Amino acid sequence: MENLTERDVDQALVVRAQSGDKKAFELLVAKYQRRIARLLSRLIRDPHEIEDVTQEAFIKAYRALPSFRGESAFYTWLYRIAINTAKNYLAAMGRRPQLAADYEDDEGETLDAAAQIPDYHTPDAELSNREIVRTVNEVVDTLPDELKTAITLREMDGLSYEDIAAVMNCPIGTVRSRIFRAREAIAGKLRPLLETVGKDRRW
């Protein structure tokens with residue numbers, strides 16, 4: 001048992017859940033509920049809506065469980081369902097995804113460009129930081145959905161290019177292209193602001 005990978009454990013729980021063991025699926029929900037909610041918080045702002053959409057995503061995953069064959073990791077499959085659920089929800093509400101700016105993933109990658117600027121604890125520096133964050137959010141919000149999803153999964157949730165390709169059901173080369181284009185769009189707007197504070201390392 002000690003040699004089992006996380007994917008192996010998930011697959012074992014999936015097999016049990018597919019056989020009708022509801023407790024096994026509850027364990028998967030408990031394991032990934034926070035990660036899915038965190039992912040959805042990049043697209044939806046209201047905490048109650050995030051909770052509702054997260055729950056809906058797990059319901060859809062449970063119903064679709066018989067079709068899961070283990071060709072990708074369970075969480076990659078689940079992420080794809082969660083993203084589609086959120087996009088469908090926002091479309092039904094006549095809204096576009098929103099991007100908050102206060103999350104940094106486990107590897108320190110973030111779209112909050114202010115985190116890349118030295119904190120001089122001055123009013124001018126704080127004003128510049130807020131302007132940078134606002135600019136990043138505005139640029140990302142105007143990106144086409146496929147670019148927005150790719151950059152969000154990479155920068156906010158720290159997924160690998162391989163996992164993003166699985167989530168978005170496209171080749172890795174396409175993922176790299178989308179992330180590059182998203183970063184270029186952000187860089188174009190950020191460079192003048194970053195130059196005013198003497199730093200342009202991230203973008």
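**Close-up views of a predicted helical model**

**View 1. The end of helix α7 and the residue that comes after it.** Helix α7 is followed by N169, a residue whose phi is positive, near 55°. The model shown here and in the views below is a predicted one. The positive phi of N169 occurs in a residue other than glycine, and N169 itself belongs to the loop between α7 and α8 (172-196). With a relative accessible area of 68%, which is over the 50% that marks an exposed residue, N169 is exposed. The buried residues of α7 are Y161, D163, I164, A165, V167 and M168.

**View 2. A charged side chain over the ring of Y161.** Y161, one of the buried residues of α7, has the charged end of R176 sitting over its ring, at 4.3 Å from the ring centre.

View 3. Searching the whole structure gives seven aromatic pairs. In one of them, F68 and W77, the ring centres are 5.0 Å apart and the planes stand at 50°, so the pair counts as tilted. F68 and W77 are both buried. Y75 and Y79 also form an aromatic pair, here edge-to-face, with 5.6 Å from centre to centre and 75° between the planes. These two tyrosines, Y75 and Y79, are likewise both buried, and both lie in helix α4 (residues 74-92), where they are four residues apart, or about one turn of the helix. An α-helix has 3.6 residues a turn, so residues three or four places apart point the same way. Seen together, Y32, F68, F74, Y75, W77 and Y79 are linked by ring pairs into a cluster. The ring of Y75 also has a charged neighbour, as R35 lies over its face at 5.1 Å from the ring centre.

**View 4. The packing of helix α1 against helix α2.** Helix α1 (residues 6-18) packs with helix α2 (residues 22-40) at an angle of about 140°, and the two axes are 7 Å apart. That angle makes α1 oblique to α2, because an angle counts as roughly antiparallel when it is over 145 degrees. On the side of α1, the residues that take part are E6, D10, L13, V14, R16 and A17, which meet A24, F25, L27, L28, K31 and Y32 of α2.

View 5. Q33 lies in helix α2, and at 39% relative accessibility it counts as partly exposed. Once its neighbours within four places in sequence are left aside, Q33 is in contact with T54 and F58. Q33 and A57, which are 24 residues apart in sequence, have their C-alpha atoms 9.9 Å apart in space.

**View 6. The covered helix α6.** Helix α6 (residues 145-155) is mostly covered, with nine of its eleven residues buried. The buried residues of α6 are L147, K148, T149, A150, I151, T152, L153, R154 and E155.

**View 7. The chain as a whole, and the confidence with which its parts are predicted.** The secondary structure of the chain amounts to eight helices and zero strands, and of its 203 residues 46% count as buried. Among contacts with a separation of 6 or more, 65% are made by residues 24 or more positions apart. The pLDDT averages 76 over the chain, and 75% of the residues score at least 70. Confidence is highest in helix α3 (residues 47-64), at 92, and lowest in helix α5 (residues 123-142), at a mean of 70. The pLDDT is below 50 over residues 99-122, a stretch that has 64 contacts in the model beyond near neighbours in sequence. Residues 197-203 also have a pLDDT below 50, and this stretch has 23 such contacts in the model, again beyond near neighbours in sequence. Where pLDDT is low, the predicted coordinates should not be read in detail.

Notes: Residues are numbered from 1 along each chain as its sequence is written. This is a predicted model: local features need pLDDT of at least 70, side-chain atom pairs count only at pLDDT 80 or more; totals for chains, interfaces and linings use all residues. Side-chain values use heavy atoms; hydrogens and water are left out. Rings of Phe, Tyr and Trp (its six-membered ring) pair if their centres lie within 6.5 Å; planes under 30 degrees apart count as stacked, over 60 as edge-to-face and the rest as tilted. Buried means under 20% relative accessible area, exposed over 50%, partly exposed in between (1.4 Å probe, protein chains only). Helices (H or I, at least four residues) and strands (E, at least two) are DSSP runs, numbered from the N terminus. A charge sits over a ring if NZ of Lys or CZ of Arg is within 6 Å of the ring centre and within 35 degrees of the ring normal. pLDDT is the predictor's confidence in each residue, from 0 to 100. Contact means heavy atoms within 4.5 Å. Axes are lines fitted to C-alpha atoms, for helices over the stretch in contact, and angles run from 0 to 180 degrees between N-to-C directions. Angles under 35 degrees count as roughly parallel, over 145 as roughly antiparallel, 65 to 115 as roughly perpendicular and the rest as oblique.
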